[in-house]
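Here is a short briefing on one protein model, for a reader who likes to know the cut-offs behind each term. Please have a look at the sequence and the fold, then read on.

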Amino acid sequence: MANHLLCMEYLAEKQNIEKLKEYLTEMRQQMTQIQKKGYSTGNQILDVLTNHYLSLVDEKTEVQMKGRITEKIQIEQMILCTGYGNLLKNAVEELERAETGKKLLFIEFLQGAQYVQINIRNTISEKTIGKKSLLASVKEDKRNHGIVLQNINRAVKECDGELIFGCDREFFKAQVILKNEGCDRSRTYMTT
């Protein structure tokens, strides 16, 4: 949304009302498509992220979702947004790079009394299989990319949680485990 707001603000400053109207119409159409998919996680923040990113997945990708997280969790919404949103964005981008074979995106939510766990597994591309490090970006502009996992890990650890990730010949797997209790609000959480 921040990116959309920047674009709309620029068009408004330039008094380009026609382009602004076109932009708003396109946004409305995208929101309608997102609402039609209707993935439900049980949590509004996670629903928004899930429906946005899964609307970008092509029809060749098999999407599987399992489990739910309720609104009653004690985890900061900013942490959920940082961890889940960035992992899901990376998964969708990786699925776009995967050109051959069957593509799969699996998302699982587990909620207990003390912990919440989010698991994401996605097909990886040939480009990613050849990487030396999972922390290295495959994007051309490496200077401004490749820090997402580090940012997620920092935010999760500040809430006494854990990020576990790995890769095999077919899938990237990420697991975020968070304590189901409030976090110290004085800490800062980075997003990308």
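A residue counts as buried under 20% relative accessible area, as exposed over 50%, and as partly exposed in between, using a 1.4 Å probe and protein chains only. This is a predicted model, in which local features need pLDDT of at least 70 and side-chain atom pairs count only at pLDDT 80 or more, while totals for chains, interfaces and linings use all residues. Residues are numbered from 1 along each chain as its sequence is written, and side-chain values use heavy atoms, leaving out hydrogens and water.

**Overall make-up**

- The protein has six helices and five strands; these are DSSP runs numbered from the N terminus, with helices being H or I of at least four residues and strands E of at least two.
- Along the sequence, the pattern reads α-α-α-β-α-β-β-α-α-β-β.
- Of the 192 residues, 38% count as buried.
- Among contacts with a separation of 6 or more, 65% come from residues 24 or more positions apart, where contact means heavy atoms within 4.5 Å.

**The sheet and the helix across it**

- Five strands make an open sheet with mixed pairing, in the order β1-β2-β3-β5-β4; two strands pair if DSSP finds at least two bridges between them.
- Strands β1 (61-66) and β4 (162-167) stand at the edges with a single partner strand each, so one side of each has no neighbour in the sheet.
- Neighbouring strands of this sheet are turned by 10° against each other on average, direction ignored; axes are lines fitted to C-alpha atoms (for helices over the stretch in contact), and angles run from 0 to 180 degrees between N-to-C directions.
- Six bridges join β1 and β2 (residues 103-111) in the parallel sense, and Glu62 stands opposite Leu104 in β2.
- Helix α4 (residues 77-97) lies across β1, β2, β3 (115-123), β4 and β5 (171-179), and runs at about 10° to β3.

**Aromatic rings**

- There are two aromatic pairs in the structure; rings of Phe, Tyr and Trp (its six-membered ring) pair if their centres lie within 6.5 Å, and planes under 30 degrees apart count as stacked, over 60 as edge-to-face and the rest as tilted.
- Tyr84 and Phe109 form a tilted pair, because their ring centres are 5.5 Å apart and their planes are at 55°.
- Tyr84 belongs to helix α4 and Phe109 to strand β2, so this pair ties together parts that are 25 residues apart in sequence.
- Tyr84 is buried at a relative accessible area of 2%, and Phe109 is buried at 2% relative accessibility.
- Phe165 and Phe172 form a stacked pair, 6.3 Å centre to centre with 25° between the planes.
- Phe165 is partly exposed at 29%, whereas Phe172 is buried at 15%.
- The charged end of Arg121 sits over the ring of Phe171, 5.2 Å from its centre; this term asks for NZ of Lys or CZ of Arg within 6 Å of the ring centre and within 35 degrees of the ring normal.

**Cysteines**

- The structure holds zero disulfides, a disulfide being a pair of cysteine sulfur atoms within 2.5 Å.
- Cys81 is partly exposed at 31% relative accessibility, and Cys167 is partly exposed at 36%.

**A backbone detail**

- Gln15 lies in the loop between α1 (2-13) and α2 (17-37).
- The phi of Gln15 is near 55°, a positive value in a residue other than glycine.
- Gln15 is exposed, with a relative accessible area of 66%.
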